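Me: I would like to learn how to read a structure of this kind step by step. Could you take me through its features, giving the general idea before each case?

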Amino acid sequence: MHEDEESPTVARGLLRLSTLFVFMAVGGYVFWDTFSEAAALDRLKATAKNYRYTESCDSEGNFIVSASANCVDLNHYVFIDGPVMKAVRRNCTGKPAALLSFKKGKVARTEINSVQKMLQFHARYGTNSPCGANR
């Protein structure tokens with residue numbers, strides 16, 4: 001009998017089982033990070049925290065002059081940073097205009113991702129996609 005043809009041992013079985021669990025854990029984390037609402041909100045919160053705002057808005061998305069800078073016009077949305085992040089969705093997105101509140105269970109993950117990507121794009125390039133254009 002050759003050394004390569006040894007019978008399975010308990011140690012080898014445990015090693016294979018632990019390797020399987022490690023791959024499942026990493027795969028589960030990647031899946032959660034990609035598709036969960038909580039992860040999308042965390043990414044939006046991090047993007048909003050690092051953004052340099054130049055305009056001031058009230059909690060309804062109306063531009064005002066007597067407050068600190070807390071909002072940005074992204075054409076498709078007016079994003080408002082605050083204790084509760086909000087966005088005013090314009091009807092040019094293909095959906096009816098609405099005030100979105102970024103709390104868990106209040107807004108779709110696709111909306112969260114759209115606002116986050118538009119905020120990143122505006123921060124990087126200083127421009128917006130025109131209202132009515134395909135996203």
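Me: Which residues have the most contacts inside the largest nonpolar core?

Reply: In soluble globular proteins, nonpolar side chains tend to be buried together. A nonpolar core here is a set of buried Ala, Val, Leu, Ile, Met, Phe, Trp, Tyr and Cys residues joined through side-chain atoms within 4.5 Å, where buried means under 20% relative accessible area, exposed over 50%, and partly exposed in between, with a 1.4 Å probe and protein chains only. In this predicted model, the largest such core has 19 residues, and those with the most contacts inside it are Leu44, Val72, Phe79, Phe102, Ile112, Val115 and Leu119. Helix 2 (37-50), strand 4 and helix 3 are the elements that give two or more residues to this core; helices (H or I, at least four residues) and strands (E, at least two) are DSSP runs, numbered from the N terminus.

Me: What does Val72 touch, not counting residues up to four places away in sequence?

Reply: Contact means heavy atoms within 4.5 Å. By that rule, Val72 touches Tyr51, Tyr53, Glu55, Tyr77, Val78, Phe79, Leu119 and His122.

Me: In what order do the four strands form the open sheet?

Reply: Two strands pair if DSSP finds at least two bridges between them. Here the order is 3-4-5-6, with antiparallel pairing. Strand 3 and strand 6 (98-101) are the edge strands, each pairing on one side only, and the twist averages 15 degrees from one strand to the next.

Strand 3 (residues 71-73) is joined to strand 4 by three bridges, and Cys71 has Ile80 as its bridge partner in strand 4. These two strands form a hairpin with three residues between them, and Asn75 in the turn has a positive phi of about 70 degrees. On the way to strand 5 (residues 86-89), strand 4 makes four bridges, with Ile80 partnered by Lys86, and this hairpin passes through five residues.

Me: Which residues cover the two faces of strand 4?

Reply: In a regular strand the side chains alternate between the two faces of the sheet. In strand 4, Tyr77 and Phe79 on one side and Val78 and Ile80 on the other are all buried.

Me: At what angle does helix 3 run to strand 4?

Reply: Axes are lines fitted to C-alpha atoms, for helices over the stretch in contact, and angles run from 0 to 180 degrees between N-to-C directions. Helix 3 lies across strand 3, strand 4, strand 5 and strand 6, and runs at about 85 degrees to strand 4.

Methods:
Residues numbered from 1 in each chain as written. Predicted model: local features only at pLDDT ≥ 70, side-chain atom pairs only at ≥ 80, totals over all residues. Heavy atoms only, no water.
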